[in-house]
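The following note was prepared for a colleague who wishes to read this structure point by point. Please keep the sequence and the coordinates at hand while going through it.

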Amino acid sequence: MGRFDEDDVRIRPNRHGSRPRTKDRPAHADAVAGFVVAVDRGRSTCLVGEGTADARLVTAMRARELGRQGVVVGDRVGLVGDVTGATDTLARIVRIDERRTSLRRSADDTDPIERVVVANADQLVVVTAVADPEPRSRLVDRCLVAAYDAGMTPLLCLTKGDLRPASEVLDTWAPLGLDAVVTSRGDEGLLGLDEVRERLVGRVSVLVGHSGVGKSTLVNALVPDAARATGHVNAVTGRGRHTSTSMAALALPGGGWVVDTPGVRSFGLAHVAPESVLRAFPDLLPGEVECPRGCTHDEPDCALDAWVEQGRAGAAGPARLQSFRRLLAARRSTRDDAAAP
């Protein structure tokens with residue numbers, strides 16, 4: 001038998017490249033920190049150098065090594081590659097930091113797949129008009145449920161207060177103890193803007209509301225160079241046109257961020273558990289201990305009724321329990337108020 005050397009060994013070429021496969025992801029210790037301010041068709045606009053003289057916007061693509069993990073507005077990420085922000089350059093997002101909060105929604109109440117809308121926000125600002133169009137309480141309730149589930153502080157912002165006394169609308173949510181602000185149109189511009197700004201400064205706030213409520217007008221007043229498109233309300237249907245068609249995080253002049261979202265017509269809550277809603281009612285929460293196993297909190301044996309009847313939730317207990325169950329009903333509903341004629 002003859003002797004063989006290396007020239008006699010044939011190696012089948014690797015059609016996937018010569019790099020050996022490994023499950024270990026690179027550490028990317030040199031990755032630059034960025035804040036995602038917009039996502040459009042797979043490309044993310046990231047702010048690099050936030051708060052410094054070298055702050056710049058960098059366009060980036062999600063690295064393949066992240067798998068199916070998606071990037072959303074508000075994410076804190078790690079970037080490699082060209083992070084100069086120069087025209088026609090593209091960086092790669094190689095890391096998504098752990099999210100403090102995640103505002104989620106599903107397509108509808110029967111869709112088990114939840115989608116993260118915004119990450120790392122502190123506050124959900126639910127914007128609704130007192131009139132023109134009429135308030136859609138069921139949609140507002142759904143947004144509140146999503147805020148409680150995400151661990152975000154809800155803020156109710158009523159617009160067009162010059163068309164109707166805001167107190168008539170605020171009474172609907174009074175038992176929830178929500179913080180609320182009211183804006184109205186005046187000869188000198190938008191009244192009540194200072195009160196809104198006070199609640200937003202230094203925080204990351206997401207503005208959500210259906211079309212035509214004046215959300216884009218509010219954003220343009222808060223961030224003068226935002227140039228968000230504004231529209232009108234259809235006199236026949238009472239509904240607004242979708243004006244903001246993209247989601248974007250906008251820097252407030254006094255510090256903080258507002259995330260403007262497109263007008264919503266539905267807010268699916270299939271992913272939200274009743275316990276998540278109950279946590280927003282600390283005066284009712286202790287009463288759950290006596291509930292039967294698997295209690296849905298709207299059945300005859302629910303211990304919350306006895307808890308409230310004994311006065312252990314305070315004088316506002318009955319109204320608070322009613323509001324809690326209304327939010328549960330909003331979670332279970334298979335059609336939302338926006339679909340009503």
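The points below go from the overall make-up to individual strands, helices and residues.

1. Overall make-up. The model is predicted. The protein holds seven helices and 15 strands. Of its 341 residues, 43% count as buried. The accessible surface comes to about 18500 Å², and carbon and sulfur atoms account for 49% of that area. Among contacts between residues at least 6 apart in sequence, 64% join residues at least 24 apart.

2. The nonpolar cores. The largest nonpolar core has 54 residues, and those with the most contacts inside it are Leu-124, Leu-144, Val-206 and Phe-324. Helix α1, residues 137–150, gives the most to this core, with nine residues.

3. Surroundings of Leu-144. Which residues does Leu-144 touch once its neighbours within four places in sequence are left aside? They are Val-126, Pro-154, Trp-173, Leu-176, Leu-178 and Leu-327.

4. Strand β8 and Thr-128. Thr-128 lies in strand β8. With a relative accessible area of 1%, Thr-128 is buried, because the cut-off for that term is under 20%. Leaving aside neighbours within four places in sequence, Thr-128 is in contact with Pro-135, Arg-136, Val-140, Leu-156, Cys-157, Leu-158, Thr-159, His-210 and Val-213.

5. The cis peptide bond. Asp-132 and Pro-133 are joined by a cis peptide bond, with omega at about 5 degrees. Pro-133 is placed in the loop between β8 (123–129) and α1. A reader checking backbone geometry may wish to inspect this bond.

6. Positive phi values. Two residues other than glycine deserve a look here. Asn-120 has a positive phi, near 60 degrees, and lies in the loop between β7 (114–119) and β8. At 7% relative accessibility, Asn-120 counts as buried. His-297 has a positive phi as well, near 70 degrees; its place is in the loop between α5 (274–278) and α6 (303–309). Is His-297 buried or exposed? His-297 is buried, with a relative accessible area of 1%.

7. Strand β9 (residues 153–159) and strand β10 (residues 179–182) run parallel and are joined by four bridges. Within this pairing, Leu-155 stands opposite Asp-179 in β10.

8. Gly-177. The loop between α2 and β10 contains Gly-177. At 63% relative accessibility, Gly-177 counts as exposed, because the cut-off for that term is over 50%. Gly-177 and Arg-320 are 143 residues apart in sequence, yet their C-alpha atoms are 9.0 Å apart in space.

9. Helix α7. Does the length of α7 agree or disagree with what its residues should span? At 1.5 Å a residue, the 16 residues of α7 (residues 317–332) should span 22 Å; the end C-alpha atoms are 23 Å apart, which agrees. An α-helix has 3.6 residues a turn, so residues three or four places apart point the same way.

10. Strand β5 and its partners. Strand β5 (residues 91–96) pairs with strand β3 (residues 56–62) in the parallel sense, over three bridges. Here the bridge partner of Met-61 is Arg-92 in β5. Strand β4 (residues 76–81) pairs with β5 in the antiparallel sense, over five bridges. In that pairing, Val-77 has Ile-96 of β5 as its bridge partner.

Conventions:
Residues are numbered from 1 along each chain as its sequence is written. This is a predicted model: local features need pLDDT of at least 70, side-chain atom pairs count only at pLDDT 80 or more; totals for chains, interfaces and linings use all residues. Side-chain values use heavy atoms; hydrogens and water are left out. A nonpolar core is a set of buried Ala, Val, Leu, Ile, Met, Phe, Trp, Tyr and Cys residues joined through side-chain atoms within 4.5 Å. Buried means under 20% relative accessible area, exposed over 50%, partly exposed in between (1.4 Å probe, protein chains only). Contact means heavy atoms within 4.5 Å. Two strands pair if DSSP finds at least two bridges between them. The expected span of a helix is 1.5 Å times one less than its number of residues. Accessible areas come from the Shrake-Rupley method with a 1.4 Å probe; for residues, only the protein chains shown count as cover.
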